[in-house]
Amino acid sequence: MWIRMDIGGTKLEAAAFDRDGEFHLRRRIPTPRGDYAATVGAIAHLVELIELELGRRCTLGFAIPGTISP
């Protein structure tokens, strides 16, 4: 199973897919603003919730959109 995580400025959204690409579930929580440690903790919590619900460990992939700044 794969968890694909979208880290945005307002939300953390994760979706679980199996090896064939079949969608299994999606969860979303607000992104903690201005607090790196809280954001990392929220990501870990979201992954933990999904793994508990699925009953198995998963591989995690991230998407972090943003702007390029010199």
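Ile 7 has Leu 12 in β2 as its bridge partner. This is a predicted model, in which local features need pLDDT of at least 70, side-chain atom pairs count only at pLDDT 80 or more, and totals for chains, interfaces and linings use all residues. Residues are numbered from 1 along each chain as its sequence is written, and side-chain values use heavy atoms, with hydrogens and water left out.

On terms: strands (E, at least two residues) and helices (H or I, at least four) are DSSP runs, numbered from the N terminus. Two strands pair if DSSP finds at least two bridges between them.

β1 and β2 are antiparallel, with six bridges, and a hairpin of three residues connects β1 to β2. β2 also pairs with β3, again antiparallel, over seven bridges; there Ala 16 sits opposite Leu 25. Five residues lie between β2 and β3 in their hairpin, and Gly 21 there has a positive phi near 85°.

β1, residues 2–7, runs parallel to β4, joined by five bridges. Arg 4 faces Gly 61 of β4.

Put together, the four strands make an open, mixed sheet in the order β3-β2-β1-β4.

Now the covering. Which strands does helix α1 lie across? Helix α1, residues 36–54, lies across β1, β2, β3 and β4, at about 150° to β3. Angles run from 0 to 180 degrees between N-to-C directions, with axes fitted to C-alpha atoms, for helices over the stretch in contact; contact means heavy atoms within 4.5 Å.

In β2, seven of seven residues are buried, meaning under 20% relative accessible area with a 1.4 Å probe, protein chains only. Lys 11, Glu 13, Ala 15 and Phe 17 are on one side, and Leu 12, Ala 14 and Ala 16 on the other.

How values were computed:
Buried means under 20% relative accessible area, exposed over 50%, partly exposed in between (1.4 Å probe, protein chains only).
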